Amino acid sequence: MGKGTYKYIADRDLKDAETLLAAGSFSSAGRFAQQVVEKYLKHFIDSNGNTDDIAFLATHNTIKLYDKVVELGGLEFNRDCQKMMCVLRNYYYDVNYPGEDFRELGKEEATD
């Protein structure tokens, strides 16, 4: 897999997330975890979808991405996995941007 692909970047971000988690930077690790999942899902869509699916590559919504991967046959639907996609989607905004929903992650959340 070449540099500059969703998978290459996700693999790199996963290493960064693990490093941040080990260093105790829990909010940053959680933010990277969201990015890792998002990019792996986008990799599958990019590799297996058609031109109608290109719009999914612009979203950060892990729930929509997960549902598209299920639709394309890449994963079997799993309610617990879908719930985790909701948690990760919130990390993208709540940990990454100021506002009334801003928060810091603890060790348990980041590890999950």
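Helix H4, residues 79-94, has 16 residues and reaches 23 Å from its first C-alpha to its last, close to the expected 22 Å; helices are DSSP runs (H or I, at least four residues) numbered from the N terminus, and the expected span is 1.5 Å times one less than the number of residues. The model is predicted: local features need pLDDT of at least 70, side-chain atom pairs count only at pLDDT 80 or more, and totals for chains, interfaces and linings use all residues. Residues are numbered from 1 along each chain as its sequence is written, and side-chain values use heavy atoms, without hydrogens and water.

The axes of H3 and H4 come within 8 Å and cross at roughly 145°; axes are lines fitted to C-alpha atoms over the stretch in contact, with angles from 0 to 180 degrees between N-to-C directions. In this contact, Thr 62, Ile 63, Tyr 66 and Asp 67 of H3 meet residues of H4 including Met 85, Leu 88 and Arg 89.

Thr 62 lies in H3 and is buried, with a relative accessible area of 0%. A polar atom of the Thr 62 side chain lies 3.3 Å from the backbone nitrogen of Arg 89.

Notes: Helices (H or I, at least four residues) and strands (E, at least two) are DSSP runs, numbered from the N terminus. Buried means under 20% relative accessible area, exposed over 50%, partly exposed in between (1.4 Å probe, protein chains only). A polar contact is a pair of N or O atoms within 3.5 Å; within protein, one must be able to donate a hydrogen and the other to accept it, and residues adjacent in sequence count only if both atoms are side-chain atoms. Contact means heavy atoms within 4.5 Å.
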